[in-house]
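Please load the model in your viewer and keep the selection panel at hand.

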Amino acid sequence: MSDPVPAMAERAAACADRLRGADSVLLASHIDADGLTSGAIAATALDRAGIPFETTFEKQLDAAAIERIAATEHDVALFTDFGSGQLDDIVPHEERGEFTPVVADHHQPATAEEGAEPPDTDLHLNPLLFGIDGASALSGAGTTYVLARALERAGGDNRDLAALAVVGAVGDMQDTDGGLVGANENIVAEGVEHGVIDEVTDISLYGRQTRPLPKLLEYASELRIPGISGDERGSIRFLSELAVDLKLDGEWRRWVDLSFEERQTVASALMRHAIDRGVPPERVNSVTTTTYTLSAEEVGTELRDVSEFSTVLNATARYERADVGLAICLGYRDEALEQARSLLRNHRRNLSEGLEWVKTEGVTQEEHLQWFDAGTRIRETVVGIIAGMALGESGVRRDHPIIAFAEESAEELKVSSRGSGFLVRDGLDLSAVMSEAAAAVDGGGGGHDVAAGATIPQGRRDEFLEHADEIVGEQLAAGDETASQ
Ligand code: C5P
Ligand code: C5P
Ligand code: ZN
């Protein structure tokens with residue numbers, strides 16, 4: 001069978017060999033949708049390969065978390081969806097004979113010493129080491145999928161795990177430019193061929209499987225269509241004028257309940273409505289996008305659509321219930337699904353209340369960035385999601401990155417930052433902003449160019465902001481120079 005990402009095949013084989021030689025493996029992963037799917041892919045592949053292992057999830061791979069891992073009896077530790085940013089902290093444990101690290105990650109490799117090369121190890125699988133963009137072309141779950149394919153036994157087939165890899169990529173928002181691209185596309189192709197993924201062009205609204213039609217349109221804030229987005233009565237009025245039955249047995253129908261022709265009727269009416277209201281052509285075109293559904297999941301459930309699936313996972317792991325999310329990924333339903341749905345209601349409420357709070361309080365504009373400090377109003381594990389949702393709301397600029405703070409503990413402040421593809425093309429690298437500004441105030445951070453985070457000591461916020469503002473200014477100025485050459 002061919003390799004899903006040929007450039008990474010040799011390194012993946014080396015990692016797989018080391019795992020096969022382990023007495024037992026401690027599998028450690030991150031607490032978001034991408035981290036959970038990475039963990040589930042690795043767990044399934046290790047299990048199928050007959051390698052004994054135990055699984056754990058961590059919010060951040062900080063020194064304390066690495067110590068906890070080192071204190072276990074396992075001779076090999078497999079880190080998924082984190083580890084690249086912490087190689088400096090991890091590698092010394094191998095030198096002390098505590099565990100051999102294998103890393104499958106897509107974050108920027110970072111080092112404590114500025115300008116130093118990250119420790120060189122053959123057991124570090126990361127798309128960025130092979131010229132593949134870790135923010136847009138391969139997620140932690142995708143990277144772990146590449147490893148899972150290398151772990152297949154003779155005659156084995158891990159291509160069913162492509163479904164989870166796509167949930168992870170979409171959970172990390174790698175599909176925002178109209179669909180998945182690059183290495184992710186190869187994984188989609190394997191999943192389609194294997195019959196676990198359906199790839200179709202469809203309306204780009206969140207909630208196609210579960211939301212009643214008027215809510216689907218009303219909540220479509222990303223499209224910002226005047227008279228529809230954020231407007232319940234406007235959405236109902238728009239739908240009522242179409243030749244489509246809106247209710248069945250007194251209940252609102254959902255997008256999945258519509259026939260192909262009915263979907264086309266709604267989508268083209270929506271585009272016409274947008275054009276008539278002066279929405280710019282590129283946003284009108286983004287009414288449709290490439291969508292991914294999981295063929296094995298029941299139609300009309302949260303797990304059928306990869307984007308809704310990823311929200312379910314965030315609703316578990318970011319609330320200290322990674323066990324529930326992992327169970328879902330591993331195929332358990334019934335009780336696990338019931339728990340997940342209750343966590344999902346809570347997560348949705350937190351997101352909408354958090355976003356309301358930001359809109360009411362507003363953000364503070366600096367020269368090159370904007371920020372808000374939610375204190376204890378927003379849970380630090382979801383403040384990054386809310387910061388991303390706030391971009392583009394009224395009073396929040398789209399052309400400046402946003403930085404959000406929330407209290408992590410009495411001593412520490414969590415920082416989350418979000419940018420956009422446009423800003424990244426202009427030179428923005430939030431991973432560098434977070435790690436450099438945090439290091440200047442005795443904290444630590446990292447991530448991706450378009451989304452990154454940090455933890456800093458309480459009381460150092462304003463100093464951190466000054467550094468961050470200056471670094472962003474430098475990045476965008478340097479970007480300008482490159483563009484004009
Ligand atoms: O730790 P991990 O890599 O899994 O998380 C990436 C984070 O970056 C996610 O929270 C994702 O939503 C965010 N992101 C974003 N905008 C993008 C790409 C990623 O907010 N364009
Ligand atoms: O926590 P948040 O969603 O804002 O994280 C955005 C990205 O930054 C994620 O990919 C996360 O793994 C990364 N991050 C990091 N180091 C931190 C905090 C976040 O690498 N201290
Ligand atoms: Zn990730």
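Select ligand 1 together with its shell of 14 residues, of which Asp 32, His 106, His 107, Asp 172 and His 448 come nearest; a residue is counted here if one of its heavy atoms lies within 4 Å of the molecule. This is a predicted model, in which local features need pLDDT of at least 70 and side-chain atom pairs count only at pLDDT 80 or more, while totals for chains, interfaces and linings use all residues. Residues are numbered from 1 along each chain as its sequence is written, chains are lettered from A and ligands numbered from 1 in the order in which they are written, and side-chain values use heavy atoms, with hydrogens and water left out.

Next, display the polar contacts of ligand 1, that is, pairs of N or O atoms within 3.5 Å. Oxygen atoms of ligand 1 lie 2.8 Å from a polar side-chain atom of Asp 32, 3.0 Å from one of His 107 and 3.2 Å from one of Arg 418. The protein buries 86% of the 480 Å² that ligand 1 exposes when taken alone, with accessible areas from the Shrake-Rupley method and a 1.4 Å probe. Colouring the shell by class gives three nonpolar, five polar and six charged residues, where Ala, Val, Leu, Ile, Met, Phe, Trp, Tyr, Cys and Pro count as nonpolar, Asp, Glu, Lys and Arg as charged, and the others, Gly among them, as polar. Because domain 1 (6-191) and domain 3 (362-479) both give residues to this shell, ligand 1 lies between them; the domain bounds come from an automatic or database domain assignment.

Now move to ligand 2, which has 15 residues around it, the nearest being His 107, Lys 414, Ser 416, Arg 418 and Gly 446. Side-chain polar atoms approach oxygen atoms of ligand 2 at 2.5 Å from Ser 416, at 2.8 Å from Arg 418 and at 3.4 Å from His 448. Of the 450 Å² of accessible area that ligand 2 has on its own, the protein covers 87%. To see which elements give two or more residues to this shell, select strand S13 (412-418), strand S14 (444-447) and strand S15 (451-457), strands being DSSP runs of E with at least two residues, numbered from the N terminus. By class, the shell around ligand 2 holds three nonpolar, ten polar and two charged residues, and at least three residues come from each of domain 1 (6-191) and domain 3 (362-479).

Finally, select Asp 160, Ala 163, Leu 164, Glu 297 and Cys 329, which are the closest to the centre of the second largest pocket among the 17 residues that line it. The lining of the second largest pocket comprises ten nonpolar, three polar and four charged residues.

Terms used: 1 Å grid on protein atoms, 1.4 Å probe; cavity = no way out; pocket = protein on both sides within 12 Å on 5 of 7 lines; lining within 4 Å. Polar contact = N/O pair within 3.5 Å; in protein donor to acceptor, adjacent residues only side chain to side chain. Helix = DSSP H or I, 4+ residues; strand = E, 2+ residues; numbered from the N terminus.
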